[in-house]
2 protein chains.
Amino acid sequence: MTYDFTKVPDKQQIDEAAERIKKYIHHTPTLSSANLNEMFGCEMFFKCENLQKAGAFKSRGAVNAVFLLNETEIRKGVATHSSGNHAAALARAAILRNASAHIVMPENSSKVKIAAVKNYGGIITFCESNLESRESTLVKVIRETGATEIHPYNDPRIIAGQATAAKELIGDTGFLDIIMAPVGGGGLLSGTALATSYYSEKTKVIAAEPEQANDAWKSFKSKKFVPSINPDTIADGLRTSLGSWTFPIIMEHVDDILTVSEANIVKAMRLIWERMKIITEPSSAVPLAAIMQHPEVFAHQKVGIIISGGNVDFDHLPW
Amino acid sequence: MTYDFTKVPDKQQIDEAAERIKKYIHHTPTLSSANLNEMFGCEMFFKCENLQKAGAFKSRGAVNAVFLLNETEIRKGVATHSSGNHAAALARAAILRNASAHIVMPENSSKVKIAAVKNYGGIITFCESNLESRESTLVKVIRETGATEIHPYNDPRIIAGQATAAKELIGDTGFLDIIMAPVGGGGLLSGTALATSYYSEKTKVIAAEPEQANDAWKSFKSKKFVPSINPDTIADGLRTSLGSWTFPIIMEHVDDILTVSEANIVKAMRLIWERMKIITEPSSAVPLAAIMQHPEVFAHQKVGIIISGGNVDFDHLPW
């Protein structure tokens with residue numbers, strides 16, 4: 001199978017990604033709560049990627065990217081720098097091809113996250129906790145191993161993989177007025193926006209972002225890339241900057257980005273736990289927080305919400 | 001539709017219960033974790049009744065019982081004493097027929113549980129926190145209102161309703177070597193055992209109970225009813241005694257009851273949260289605790305586990 005790495009994934013590439021990964025990922029359920037619908041005055045459909053393999057949508061992109069590598073490439077392994085869900089998802093995806101995953105992680109990463117990567121057999125190289133150290137350590141690892149870098153989000157193979165979550169959601173629910181995803185680096189959001197444009201053209205795409213990490217909102221509103229500098233949010237999956245692939249897709253296919261307070265993120269997270277009975281990480285609660293904070297946008301609408309992941313440290317809950 | 005209240009539910013009554021309630025309850029998903037399977041050396045299928053309406057399997061029995069009442073009966077409402085999931089489930093079921101639910105609750109019931117009953121419009125009468133006060137208060141409420149008592153578990157209409165969870169599980173997974181349920185009053189367990197005997201005769205039924213509330217285990221082993229006296233377990237759904245309906249069904253159709261330590265209940269609960277990404281109450285973790293504590297019974301088996309509920313107070317987690 002050939003793959004054009006020089007262009008934004010088209011519909012066929014997303015269909016192929018869905019085919020390619022389906023044996024290795026869950027078709028996750030979509031859940032609803034009559035109670036929450038009543039509380040917020042709209043009809044919500046939660047696509048539960050927290051129930052995905054390795055606990056997050058990241059498994060979709062990672063599996064797609066890993067299975068696009070040829071035999072020569074995969075024998076040298078894959079590599080990334082990540083302190084989050086992409087690291088565990090990539091380590092798991094590599095195992096599926098009996099390959100190595102080299103993960104560069106900051107030395108102050110949480111024990112839970114280090115354990116998750118080790119659990120999937122990832123080979124960890126620790127670095128200092130800053131972008132320069134992460135990047136230079138990754139370059140060194142790649143030079144030594146010949147591994148292929150799989151970026152957490154700024155890669156069309158990753159974006160095509162993440163797009164399959166919205167494809168499933170649309171297939172499972174029928175017409176939605178709005179689809180929501182949180183935005184960090186924009187891998188999930190750009191994939192969601194592409195899938196929506198291909199499979200449900202009339203559905204609006206609205207992203208949600210913490211006020212205290214509002215670089216995507218600033219970029220979107222000013223139409224100029226603004227990096228994420230010292231983001232201070234509990235939503236640890238949303239602290240990264242947009243990328244050269246994700247930003248243009250978001251500019252073209254996303255209808256709006258709404259920002260939310262930290263207090264509303266915690267409130268929304270707790271509501272999801274209480275009413276939906278599912279474990280979601282803070283980043284996953286950001287879209288519901290946006291509905292809470294901007295109810296006029298969602299009144300009487302059918303809203304699909306991608307719950308991005310469920311990897312939480314139960315010893316440090318935010319309440 | 002007529003209903004014979006003088007005998008143990010037969011297969012047709014369980015089929016009819018499933019038909020009767022299906023518009024009002026969720027066909028809950030069955031989830032698995034490759035990770036937990038590997039950890040425990042067996043293949044587990046978790047039937048997620050924590051995702052059920054009102055957060056527990058109790059909605060099945062409550063809806064079945066409420067919809068079996070005739071118009072004259074239902075106009076006078078339903079009544080029960082319960083400090084737990086049955087109270088909220090019955091209040092919700094009553095709304096579905098525009099009827100009142102009179103709930104007798106001990107005055108020291110948790111705020112979370114009182115709020116759940118109020119949320120579904122239940123009319124609460126508080127009583128002292130002992131069985132005499134609960135029963136005498138309920139008698140008084142029934143005398144005043146003419147409401148029909150719906151017992152939390154010792155009632156064939158309730159047992160037939162609870163049986164539908166195992167019926168769905170068996171339909172969704174194919175052959176299982178073992179089906180597990182926790183045991184408190186025995187409504188879920190007796191329903192599970194009946195359904196298994198009708199729909200999957202060769203499947204064993206194994207119950208799990210806290211060591212510190214082991215009245216069902218004592219009753220089962222001695223073949224004589226032993227009441228629950230001062231049970232001291234975190235699994236608050238499992239503190240009640242068996243009933244005159246549930247005990248004989250359990251004696252006839254359950255293969256074994258295994259008991260578990262409090263430490264293993266907490267460990268199992270946290271494992272389910274971490275690996276399955278679902279919120280389960282302590283009672284729901286008791287079957288996995290039994291697999292943890294008695295691994296030889298489950299080695300290489302296909303095991304269905306009914307996750308009974310997900311109503312948890314997040315301000316008082318056991319770790």
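Colleague: Is A:Trp273 buried or exposed in this model?

Modeller: This is a predicted model, where local features need pLDDT of at least 70 and side-chain atom pairs count only at pLDDT 80 or more. Side-chain values use heavy atoms, with hydrogens and water left out. Buried means under 20% relative accessible area, exposed over 50% and partly exposed in between, with a 1.4 Å probe and protein chains only. The relative accessible area of A:Trp273 is 0%, so this residue is buried.

Colleague: Thanks! How many aromatic pairs does the structure hold over all chains?

Modeller: Rings of Phe, Tyr and Trp (its six-membered ring) pair if their centres lie within 6.5 Å; planes under 30 degrees apart count as stacked, over 60 as edge-to-face and the rest as tilted. Over all chains, the number of aromatic pairs is 13.

Colleague: And which class does the pair of A:Trp273 and A:Phe314 fall into?

Modeller: The ring centres of A:Trp273 and A:Phe314 are 6.2 Å apart. Their planes stand at 70 degrees, so the pair is edge-to-face.

Colleague: How many residues apart in sequence are the parts that this pair ties together?

Modeller: Helices (H or I, at least four residues) and strands (E, at least two) are DSSP runs, numbered from the N terminus. A:Trp273 lies in helix H12 (residues 262-276) of chain A, and A:Phe314 in the segment after strand E10 (302-307) of chain A. The pair therefore ties together parts whose separation in sequence is 41 residues.

Colleague: Nice. What is the relative accessibility of A:Phe314?

Modeller: A:Phe314 counts as buried. Its relative accessibility is 4%.

Terms used
Residues numbered from 1 in each chain as written. Chains lettered and ligands numbered in written order.
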